[in-house]
Amino acid sequence: MITSPVEIENGPPHDEEALFREARRLRRRRWTIGLLITAIVLGGTAAIVAVVTSVGGANTTAMSAGTAGVLPNGPVAMLHVAGPLAVAPDGALYVTDVIGSGFEPGGDRVLVRLPDGRFRAIAGDSKVGFPGDGGPAVRAELSSVSDLVFAPDGTLYIADGGRVRTTSRDGVIRTIVGNGEPLRTIANGTPALSAALGSGNPNPLQIALSPARQLYVATGRSQILRMTAAGKLDTVRAVVTSGPWKGPVGGWYPIAVDAHGNIDVGGGPSGWSIWQVAPNGVAHYVGYGRGSGGSDPILQPGPEGAIYAAASGLIRIEPHKLVPISSFNMPLSTVNERPGRYFPLTYFAFSPNGTLYADDIPGNIGDELHQQLVSVHNSRISRLWQEKNATPK
């Protein structure tokens, strides 16, 4: 029971009309305050969602660009055997899981290495074949991936059997070169999708992009082809003007195009060698280069537009000589930490900041040594993966 007047913010004591008006005012005030609190909470939540979405989107884009800019939307996967490598414009490392090479049944896949050391599939569903064009790359079948190349816009080019396929930034895969028919000599002006480039085995395709993003295809010791803007293939003229192999030659294999438009090739008419074909078609011998396991040397573009080769260590190709790169070869010599052992460098790729990524021969022979994937930056080496152990060491 109230025995004294109720004072409400200096209003008159016990005035019923005043009390009624004040009660309504307080209800409106509480309602307004409630709306403000709700707005603040919802606004904060929206801001958090916006920030998370923005950060997640940035991370997704970055991670995908590591995929050639392709969104890494496939499942987390185990790397079985590391094959050809490529680094996306954002610095993310892409690795071919060469399941279809006889180590396990199934088709090859392309994986992106995540910041935590795991791998995620971005192309290939582990089935052998070619279906899937026009759809998600992670649901497409791949056959035998022999080369990977990134374009500056994040498009990933995949040499897959007797075809060249692309995976776009939105994760869609398409065939742009090759029809899968047995290898034949390609005439100038052949539509790229009608080119008979084989099945990829035993003549795997090698691909390269020029600084102007023109695609080159080496057809397994037969021809070097250039894809035109009209979607056709022309043969690259290559003539040796001096030495014992004078005249038109074939027999090219691994290729890369430097900042000046020169095509560097591994193998060539003499085998286990490196040649350079100038834009005018004149070819000359640069030096001897034998890759790991007796293969032709793998070639890749590197810092400052130069071309590098994996040939008894890492070497840089200069116009008339091969230069070993001690800042990479010395760290690589420490990988196996056993006297008499060396790192049989096979596939490699450079990141935009000059980091070298490299893997060695699958099933490194003897003394329980396993295949490894490593990086070298500022003369420091890190092991990123080891066969039969999917986590970084």
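This is a predicted model: local features need pLDDT of at least 70, side-chain atom pairs count only at pLDDT 80 or more; totals for chains, interfaces and linings use all residues.
**View 1. Strands E6, E7, E8 and E9 make up an open sheet.** Which strands sit at its edges? They are strand E6, covering residues 145-150, and strand E9, covering 173-177, and each of them pairs on one side only. From one strand to the next, the twist averages 25°. If you zoom in on E6 and strand E7 (residues 156-160), you will find them running antiparallel and joined by five bridges. A handy pair to look for here is Val 145, which stands opposite Asp 160 in E7.

**View 2. Strands E25, E26, E27 and E28 form an open sheet of four strands.** Here the order is E25-E26-E27-E28, again with antiparallel pairing. Strand E25 (345-350) and strand E28 (380-386) are the edge strands, so named because each pairs on one side only. Neighbouring strands of this sheet are turned against each other by 25° on average, direction ignored. How many bridges join strand E27 to E28? There are six, and the two strands run antiparallel, with E27 spanning residues 372-377. To find your bearings in this view, look for Gln 372, which stands opposite Gln 386 in E28.

**View 3. Ala 311 lies in a loop between two strands.** The loop in question runs between strand E22 (307-310) and strand E23 (314-318). Is Ala 311 buried or exposed? Ala 311 counts as buried because its relative accessibility is 7%, and the cut-off for buried is under 20%. Leaving aside residues up to four places away in sequence, Ala 311 touches Gly 289, Arg 290, Gly 291 and Pro 297. Have a look at Thr 346 as well: it is 35 residues from Ala 311 along the chain, and the C-alpha atoms of the two are separated by 8.4 Å.

View 4. One of its members, Tyr 288, is found in strand E20, which covers residues 282-288. Why does Tyr 288 count as exposed? Its relative accessibility is 52%, and the cut-off for exposed is over 50%.

Notes: Residues are numbered from 1 along each chain as its sequence is written. Side-chain values use heavy atoms; hydrogens and water are left out. Axes are lines fitted to C-alpha atoms, for helices over the stretch in contact, and angles run from 0 to 180 degrees between N-to-C directions. Buried means under 20% relative accessible area, exposed over 50%, partly exposed in between (1.4 Å probe, protein chains only). Contact means heavy atoms within 4.5 Å.
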